[in-house]
Amino acid sequence: MSQGPRSGLAAVSSALLAMSRHLEVRDVLKTIVASARELLDAQYAALGVPDDHGGFAQFVVDGVTDAQWKAIGPLPRQHGILAAMLREAKVERLADVRTDPRFEGWPSAHPDMSDFLGLPIRDGDEVIGALFLANKNCEKPEGGCGFTAEDEELLSILAQHAAIALTNARLYERSRELTIAEERSRLAHELHDAVSQKLFSLRLTAQAAAALVDRDPSRAKGELHQVAVLAAEAIDELRAAVVELRPAALDEDGLLATLRTQVQVLDRAHTARVTFAAAGFRALPAAKEEALLRVAQEALHNALRHSGAEHVDVTVNRRGGGAVLRVTDDGSGFDPHLTRRAGRHLGLVSMRDRASGVGGTLTVESAPGKGTTIEMEVPGG
């Protein structure tokens, strides 16, 4: 921190804050590498996350252009200095990496590197990555390394926080995977229950129609009409399930376009009129948009499956720096207090959990015969 304690502390603080802003593993890796290279004023930086097969599951670089990276070729294996860092879990500070006896060369398109500083990223006793820098932007002492003991100490601090950020990102991605698996399991169960019942009724009604067609054609005609009604209801159930199972295109289309598309499909699939409107909305972090989408889906599911509503309206509006989602129906309504005491939550618990999980709030307004309004508000940032 040769620039002085104040500027050095500010640089470290900026690097740590940058790492804490990201939840996706790939974004965390990129931020760690870019922060390390900038903080220590190096020409190149890289971070490798090892796999169990002698290679790297992920390898992120900074200071190398996309064209250069493509020309270098396949990801490196766990050999040479990288393997030593992973195996021995110790810092490597070298005046010239090319003269080290463990150096095994690099591809022809690889940039030339000399002075080198690398260290493992550890989570407890487990080595979860190798972070290294090359070519310090400074005057090198004769036969010495441009990276100093101070640089080594600074990179060690950064690596400790990188381990926390990387572990948190992995836990976040794992939790998302579990959430998706749980939702698919729930949908599969609902699909099985709802559609199986419809198909069973359809089969019995068709059998009754077949038995009546000769002796009582009029009643048989009525049974066949019921077959058509049950078949249409089964199709509605399937369509609704497909909409929920389809991955939300939040990354590509954003919340508004994704919600608008799903509302349009539900409007076609159900007898109820389903509408969508938005005003002043600004894009939010991915986790908040996903929470808004999932709450909207759950509220729509309740309104279309349980309330007998003729109209369901979905709105998303800006509120301060955040947003408010409102799903309103003119259905049968219910007493939220009685529902809670009876243990029939209609998904309200999961909706509240989603809202609180992103720092938001969820309110429910309903009464028997008065319809229902679900409102979720999330802050900005």
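Reader: How many bridges join strand β1 to strand β5?
Author: 6 bridges join β1 (residues 42-50) to β5 (residues 126-136), and the two run antiparallel. Strands here are DSSP E runs of at least two residues and helices are H or I runs of at least four, numbered from the N terminus. Two strands pair if DSSP finds at least two bridges between them.
Reader: What should I know about the model and the numbering?
Author: The model is predicted, so local features need pLDDT of at least 70 and side-chain atom pairs count only at pLDDT 80 or more, while totals for chains, interfaces and linings use all residues. Residues are numbered from 1 along each chain as its sequence is written, and side-chain values use heavy atoms, leaving out hydrogens and water.
Reader: Back to the strands. In what order do the 5 strands form the sheet?
Author: The order is β2-β1-β5-β4-β3, in an open sheet with antiparallel pairing. At the edges are β2 (56-62) and β3 (92-94), each pairing on one side only.
Reader: Which residue in β5 is the bridge partner of A46?
Author: F132.
Reader: New topic: where is P76 found?
Author: P76 sits in the loop between α3 (66-72) and α4 (80-88).
Reader: And what does P76 touch?
Author: Leaving aside residues up to four places away in sequence, P76 touches G55, F56, F59 and L82; contact means heavy atoms within 4.5 Å.
Reader: How far apart are P76 and W106 in space?
Author: They are 8.8 Å apart, C-alpha to C-alpha, and 30 residues apart in sequence.
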